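Let's take a friendly walk through this fold. Have the sequence and the 3D view open as you read.

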Amino acid sequence: MFSSFVGNEMLSLIALISSIYLSSFVSAERTFTVDWEGKTFLKDGEPFRYVSGSFHYSRVPNQYWEDRLKKMKTGGLNAVETYFLWNFHSQVEGQYDFTGDRDIEKLLKLANDTGLLVIARGFPFACAEWEFGGFPWYLKRYQDIILRRSDPKFLAYVDDWFDAILPKLEPFLYENGGPIITVQYENEYGTYFPGCDQDYLQHLVYKIREYLGSDVVLFTTDRAYTVRALKCGSVKTELATVDFKVTNYPQFYFDVLRHYQQDGPVVNSEFYTGWLNHWGKPFQKVSATDLAESLEKILALNASVNFYMYTGGTNFAYWSGANYVRPVDSYDLTTYDYDAPISEAGDTTWKYYVIRDTIAKFFPVPVVDVPANSTKTSKADVKLDLCGSLIDFLDIIISDNGFITSKYPQNMERLGFDYGFVMYRTQLKENMSGRMEINFGVDGLGDRASILLAQTGNTSDGAVFLGTVDNNHFEAPKLSIDSLSINEGSFLVVIVENRGRVNWGPHMNTQNKGIKKNVTLNGNVLEDWQMSHLQLENLNKKCKKGLRSIQLESDAKLSTVLPLVYQTTVTLDLHDTFLNTTTFSRGVAIVNDFILGRYWPVMGPQQTLFVPAAIRNSKQFTLTLVEFEKQSEDARVDFLDFPILDAY
Ligand SMILES: *[C@@H]1O[C@H](CO)[C@@H](O)[C@H](O)[C@H]1NC(C)=O
Ligand SMILES: *[C@@H]1O[C@H](CO)[C@@H](O)[C@H](O)[C@H]1NC(C)=O
Ligand SMILES: *[C@@H]1O[C@H](CO)[C@@H](O)[C@H](O)[C@H]1NC(C)=O
Ligand SMILES: *[C@@H]1O[C@H](CO)[C@@H](O)[C@H](O)[C@H]1NC(C)=O
Ligand SMILES: *[C@@H]1O[C@H](CO)[C@@H](O)[C@H](O)[C@H]1NC(C)=O
Ligand SMILES: *[C@@H]1O[C@H](CO)[C@@H](O)[C@H](O)[C@H]1NC(C)=O
């Protein structure tokens, strides 16, 4: 009634008022542009540069985002740089998740409320020591997709992701009242071989502009070694930037940039505060004072700079990446602390203050207290029960649709499995005894196999653990057993761990996980396989009566059937803590049904896993360890109030 009474006159009055309002708004318009001749960014028409820090929201529970962003602000930064990782949002083909730790609207609002501008990266490739560089596993279901090229099959997937993510970013662009000032397309593409595909880069630019408009500042970053890298990594009409580590002479790298791009601002998009880390290598550190001296030189050149990382976080679950190395790949640690100014657990380190003081020589730094370190809790001597062999829990951990069967083994992606572990088993057809050789073929494993001989294929009764085998790019991974008796009808069980997909370089294109070739036993191809994805998180609270809860002393045989499941209930104050895994060898740690990540203290350097309070909502929780390497003689763990990441 009322609305029809208001009528057209009222509506046109409203239209008039809003158009007056809009035009006055436009005169104070928010703009963020590049002044090419002035060699600077312009924010609302004024020269501007940023001092920003990398923070990957996928590596920090969302409950802590506000804390990290506030610390970035009080550290003197005016912007935060983050990766929008495709695979973090899409674990199922065609489906995208933007809730909880993937709630980018929450993230962008928090950044804006904190007074930080946002540099959006990862469209579509990230690297970042993250699983498959941020690409979803399902791209490897098909052999014929050429990644990071203008291959129509690849571009169709990219477009689908862009259709999902870009409309969500659009309202948060600076010009639309939000914090996003720049958007990166591709990443270090100039040093990707076989890259240098201008059609591909043009497609990305076109597609991003379709959603975000013609005014948004797009950029790339490349290693400033050669002009060729810049030329191959970017589109001439868009801003190119470089990345480099601590140096006494940053001008050198900016000169390379200037050689390629004479105008516009100079930016170091990845100024390394630490470095990436692999299992079995010393933990990489960068001196705070060296970093500060180099920073001062960069800032004196009027450059913009982004610290990579400013707060690193954690590769929870199976999100850590890998590097292709011959003969055996290198796998990234579970921690992504990165020796960054803000630690994995969100603590402000000495490096944080040294950098802040340096920034203060050039920019006003907020005169407020830096938010305090979080409270940590500790507990010694937490005893775990040995619940049995992993194979005893098969009915709990196999995927809902059970086993997939095929004559020859299928790789993980072809099976439709994403991350973690795959069980392969085949029934042996004859009695055999004597020397046995199980052979996976050159490069036939992705990545490590635990091999069992089991009477029934789903219990450890009468089963024997035969050993573990790592993939090898040069020689066939194989297991030889001097003497073994096999009864017809028993099962060869192979549990294959995907230890993280390669996140950089041409080998991203050629990798698959699981069993990739045929498996032979004494030269004969094994046929008729059953394959299932293992959901280790289902082990939560399953170590109790009715199932095996056997002490080591009472069942010596069981102890030989790796992998083993250990579990206990822990009561601990609701604070962050670090799990000291040193009494165990190699495996996966799980809190309730949250997979903390991989532990491998015998390899080092990482000894402790970060256990954020945010992943549990009560003091009491279930801790599960699935141990693949060795039965622990002392099945105890400690919770510490500090991390140990550099024991090597
Ligand atoms: C961002 O913050 C500004 C104030 O600094 C506010 O005007 C604007 O509405 C905020 N935008 C969003 C998307 O929250
Ligand atoms: C940096 O900018 C200031 C102010 O615009 C200018 O005076 C100075 O010459 C610039 N320095 C360099 C190294 O470009
Ligand atoms: C915060 O934690 C960091 C890293 O553990 C430590 O170096 C620093 O001294 C702590 N700060 C305070 C005020 O305790
Ligand atoms: C295999 O061995 C079992 C006993 O160990 C025997 O009962 C069976 O007949 C044998 N099978 C063949 C085909 O020889
Ligand atoms: C496995 O062996 C069969 C039979 O020899 C062969 O047809 C098939 O191509 C092999 N598969 C692979 C992946 O080598
Ligand atoms: C971690 O656990 C190991 C094995 O129990 C122990 O020797 C070591 O002292 C612990 N580390 C700390 C810092 O407590």
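How many of the eight residues of strand S11 (residues 304-311) are buried?

Eight of the eight are buried, so S11 is largely enclosed by the rest of the structure. Buried means under 20% relative accessible area, exposed over 50% and partly exposed in between, using a 1.4 Å probe and protein chains only. Strands are DSSP runs (E, at least two residues) and helices are DSSP runs too (H or I, at least four), numbered from the N terminus.

This is a predicted model: local features need pLDDT of at least 70, side-chain atom pairs count only at pLDDT 80 or more, and totals for chains, interfaces and linings use all residues. Residues are numbered from 1 along each chain as its sequence is written, and side-chain values use heavy atoms, leaving out hydrogens and water.

S11 pairs in the parallel sense with strand S4 (residues 51-55) over four bridges; pairing requires at least two DSSP bridges between the strands. Here Gly 53 stands opposite Phe 307 of S11. Strand S10 (residues 267-272) also runs parallel to S11, joined by four bridges, with Val 267 partnered by Ser 304.

## Leu 107 in helix H4

Leu 107 belongs to helix H4 (residues 104-114) and counts as buried at 4% relative accessibility. Leaving aside residues up to four places away in sequence, Leu 107 touches Phe 55, Tyr 57, Trp 65, Leu 69 and Thr 82; contact means heavy atoms within 4.5 Å. Tyr 57 is 50 residues from Leu 107 in sequence, yet their C-alpha atoms are 7.8 Å apart.

Terms used:
Chains lettered and ligands numbered in written order.
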